[in-house]
Amino acid sequence: MNVVLSHYGEGYFSVQFTDGFSPDALSAVRKVSGRVWNNERKLWLIPERRSSCNQLLEKLYETGLFNVESGEGPASAVRTSPSPGKETSGTELSRLHEALAVRHYSPRTMERYEKWVTDFLAASGKEPGLLGQCEINTYLERLALKKHVSASTQNQALAALLFYFRFVRNTPVDKLSSVIHAKKKPRIPVVFSREEVGKVIEKLDGTKKLIARLLYGTGMRLNEALSLRIQDLDFDRGEIIVRHGKGDKDRHVMLPQKLVPELRAHIEQVRKLHGKDLSEGWGEASLPDALAAKYPSGCREFKWQWLFPQKNRWVNASTGEQGRYHMDESLMQRAVKQAVLEAGVNKNASCHTFRHSFATHLLEAGYDIRTIQELLGHSDVSTTMIYTHVLNRGACGVVSPLDRL
């Protein structure tokens with residue numbers, strides 16, 4: 001049996017079994033102080049300390065599963081994983097991951113930044129030390145002219161590369177002052193009418209229908225709604241706490257009173273599902289940040305469970321661990337796309353259209369822009385101003401000459 005230890009960042013290294021595992025090996029990992037189960041990547045994380053490493057090796061050695069030559073100690077049973085691709089690129093990406101993690105960037109932002117930097121390094125074909133402003137501009141031109149990406153996508157790639165050069169390559173900002181910035185054009189968001197909202201929602205059923213009503217009733221983003229936990233709903237105060245939203249910000253939104261009975265009934269169903277998981281020896285939910293180490297038993301408490309858990313438990317074939325994550329975004333996205341088609345709404349709509357409709361309909365009802373800004377979680381009111389197209393009726397308020405004939 002081989003055990004692979006890899007640097008993970010944030011003071012941890014990962015532990016993986018490359019050719020299967022045994023209950024004894026799994027038990028050995030669980031005996032290490034401070035070990036954490038990473039539910040997203042399905043691997044064990046061990047504190048990057050000499051004492052923790054020695055404790056892990058000692059516990060693995062005691063299992064008797066490894067062939068260790070005399071005098072070499074248990075460390076000979078463990079090997080470190082090679083860097084992916086070129087060694088220099090692997091090192092750069094590892095440093096990028098650490099720089100993003102130490103600044104508490106969201107997992108999704110980290111994933112996108114690492115994707116753009118990986119593509120940039122592969123496209124340049126040069127050593128990282130030889131890259132600079134010229135290569136950045138060449139890469140951005142390639143994205144715009146050959147791949148025809150939007151201005152938003154191009155600027156996202158630029159943000160990733162600027163972060164890489166500033167915090168990984170330690171390149172002064174003044175040396176990157178002439179990189180290409182794509183100019184974003186103002187776009188009017190796609191918005192449902194009130195009648196269209198009702199038609200689309202009626203084409204959904206079950207939990208997906210409840211989520212759609214919640215999106216329209218609160219203005220939450222899809223990932224914010226799916227990431228809700230039981231404790232985030234406050235029925236007494238009539239509000240929902242959105243935690244770790246875009247920009248890792250928390251905010252309050254209203255709890256639609258029409259949804260209270262349905263949400264209470266849904267929570268009871270989740271409680272029964274959680275009780276069944278516990279009775280079968282599972283029922284653990286992943287906790288954010290380092291709360292898993294702070295509250296070892298918290299992952300089994302009902303208040304930490306997802307409001308919209310996935311239908312089936314995930315199973316890690318390597319460790320035998322099982323758990324239940326929240327519903328995948330793609331399931332809801334496909335359901336809404338199909339509902340829009342079945343409702344006969346000829347708009348390029350998605351789950352995010354419910355958020356646009358929420359803001360637009362509040363403006364039409366006379367609520368002020370600052371209130372809507374707070375509910376949407378926008379840092380700058382200028383972002384919220386895109387919805388003010390409903391206040392100025394523009395072409396809709398002009399009578400065509402043809403209609404006067």
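Okay, let's start with Asp277, which is buried at a relative accessible area of 4%; buried means under 20% relative accessible area, exposed over 50%, and partly exposed in between, with a 1.4 Å probe and protein chains only. Asp277 sits in helix α10, residues 260–279. Helices here are DSSP runs of H or I with at least four residues, strands are runs of E with at least two, and both are numbered from the N terminus. Leaving aside residues up to four places away in sequence, Asp277 touches Trp282, Gly283, Arg313 and Arg324. A contact, by the way, is heavy atoms within 4.5 Å.

Quick housekeeping. This is a predicted model, so local features need pLDDT of at least 70 and side-chain atom pairs count only at pLDDT 80 or more, while totals for chains, interfaces and linings use all residues. Residues are numbered from 1 along each chain as its sequence is written, and side-chain values use heavy atoms, with hydrogens and water left out.

Now the overall picture. The protein has 15 helices and 10 strands, and 40% of its 405 residues are buried. Of the contacts with a separation of 6 or more, 59% are between residues 24 or more positions apart.

Helix α8, residues 206–218, packs against α10 at about 135 degrees, with the axes 11 Å apart. The axes are lines fitted to C-alpha atoms, for helices over the stretch in contact, and angles run from 0 to 180 degrees between N-to-C directions. That makes α8 oblique to α10: under 35 degrees counts as roughly parallel, over 145 as roughly antiparallel, 65 to 115 as roughly perpendicular, and the rest as oblique. The crossing is left-handed, meaning the near helix is turned anticlockwise from the far one by less than a right angle; clockwise would be right-handed. Who makes the contact? From α8 we have Thr207, Leu210 and Arg213, and from α10 Glu262, Leu263 and His266. By class that's 2 nonpolar, 2 polar and 2 charged, where Ala, Val, Leu, Ile, Met, Phe, Trp, Tyr, Cys and Pro count as nonpolar, Asp, Glu, Lys and Arg as charged, and the others, Gly among them, as polar.

Next pair: α5, residues 133–145, and α6, residues 151–167. Their axes come within 10 Å and cross at roughly 160 degrees, which makes α5 roughly antiparallel to α6. This crossing is right-handed. On the α5 side the contact uses Ile136, Tyr139, Leu140, Leu143 and Ala144, and on the α6 side Gln154, Ala157, Leu158, Leu161 and Phe165.

On to a sheet. Three strands make an open one in the order β6-β7-β8, with antiparallel pairing; strands pair if DSSP finds at least two bridges between them. Strand β7, residues 239–242, is joined to β8 by 4 bridges, and Val242 stands opposite Arg251 in β8.

Between β8 and α10 there's a loop, and Gln257 lies in it. Buried or exposed? Gln257 counts as exposed, at 56% relative accessibility. Its C-alpha is 9.6 Å from that of Gly217, 40 residues apart along the chain.

Last stop, Leu60 in helix α2, residues 50–62. Leu60 is buried, at 3%, and its C-alpha is separated by 9.9 Å from that of Lys31, 29 residues apart along the chain.
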